[in-house]
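Let's take a walk through a protein model together. Keep the picture open while you read, and look up each residue as it comes along.

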Amino acid sequence: MGRPRLELGVAGRTLCLAMALLFPWSLRAEVESTCYGRTAQGRLENGVRLPASGANFSAYSALAPVLGRTYVHSRVARVVLAAYGALEQASPGKVFVYGETGWAEGGPFKPHRTHQNGLSVDFMVPVVDGKGHSVPLPGGVGNQFGYGIEFDGQGRYGEYRLDFAALAEHLYQLHRAAQAQGVGIAQVIFEPAYLPALLSTPRGPYLRARLRFMKKPAWIRHDEHYHVDFAVPCRPMPRSAGQG
């Protein structure tokens, strides 16, 4: 099976939009994205939409890509997909789910405080069911597509439990893929109470030495997903009209 292709989203270019609708198989990520500002105050040009699914991954909702909530910087897209490709070999049988990313043009992305310049990606936690099988985190309207799930102190939710080893392997592969693309990882936000379990996995020493984890709790609990901010050089935000 071939690798999923990236779909280019270019705001305001009618021809490109028509091509996307009529000939989606012809699109490539040949045009690089440009990010502006910061994750909490920025925008994006030539955003790239992540594929809705692949051999071992899927979006948190089939509707999210249609609504335009899964766009990222082109370099981030390559990192994310390369990591999933590496996981097919490193963690066969494991399934992964990515969450919200941002708009094609960036900017405010409610209810998130960041995700504004194409460099922020939410990943839903990998889980195993009561039989120990790797399964997607259950998501639907009733639990805010997974974002409303609350794991207990031991990382359990009903029959599901966090797969810390798979999560650590994913972060490892993200870091390796980012290095290969000349991209950095600025920080990872994950529930601080779970960090000891995460860092006690076989990949723990690598992650401890190379990734920056937010040590204090975020404004919302990050137990059902982990937020990754990638580091790509961005241009300053243009000055608004009327500013001196």
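Here is a short tour, from the whole chain down to single residues.

**Ground rules**

What you see is a predicted model, where local features need pLDDT of at least 70, side-chain atom pairs count only at pLDDT 80 or more, and totals for chains, interfaces and linings use all residues. Residues are numbered from 1 along each chain as its sequence is written, and side-chain values use heavy atoms, with hydrogens and water left out.

pLDDT is the predictor's confidence in each residue, on a scale from 0 to 100. The protein chain averages 86, and 84% of its residues score at least 70. Over residues 1–29, though, pLDDT stays under 50. Where pLDDT is low, the predicted coordinates should not be read in detail.

**The whole chain**

The protein chain has six helices and 14 strands. These are DSSP runs numbered from the N terminus: helices are H or I with at least four residues, strands are E with at least two. Of the 244 residues, 51% are buried, meaning under 20% relative accessible area; over 50% is exposed and anything in between is partly exposed (1.4 Å probe, protein chains only). Now for contacts, which means heavy atoms within 4.5 Å. Take those between residues at least 6 apart in sequence: 75% of them join residues at least 24 apart.

**Into the core**

Which residues touch the most other members of the largest nonpolar core? They are Leu-171 and Phe-190, in a core of 58 residues. Helix α4 (residues 164–180) gives the largest share of this core, nine residues. A nonpolar core, by the way, is a set of buried Ala, Val, Leu, Ile, Met, Phe, Trp, Tyr and Cys residues joined through side-chain atoms within 4.5 Å. If you skip neighbours within four places in sequence, the contacts of Leu-171 include Val-188, Leu-198, Phe-213 and Tyr-226.

Phe-190 turns up again in an aromatic cluster, with Phe-123, Phe-164, Tyr-194 and Tyr-226. Rings of Phe, Tyr and Trp (its six-membered ring) pair if their centres lie within 6.5 Å; planes under 30 degrees apart are stacked, over 60 edge-to-face, and the rest tilted. By this rule there are twelve aromatic pairs. One of them is Tyr-157 with Tyr-160, which is stacked at 6.5 Å centre to centre with 20° between the planes. Tyr-157 is partly exposed, because its relative accessibility is 30%.

**A polar residue on a strand**

Gln-187 sits in strand β13 (residues 184–189). Is Gln-187 buried or exposed? It counts as buried, because its relative accessibility is 14%. Its side chain makes a polar contact of 3.2 Å with that of Arg-212. Such a contact is a pair of N or O atoms within 3.5 Å; within protein, one must be able to donate a hydrogen and the other to accept it, and residues adjacent in sequence count only if both atoms are side-chain atoms. Beyond four places in sequence, Gln-187 also has contacts including Met-214 and His-227.

A cis peptide bond joins Lys-110 and Pro-111, with omega about 5°.
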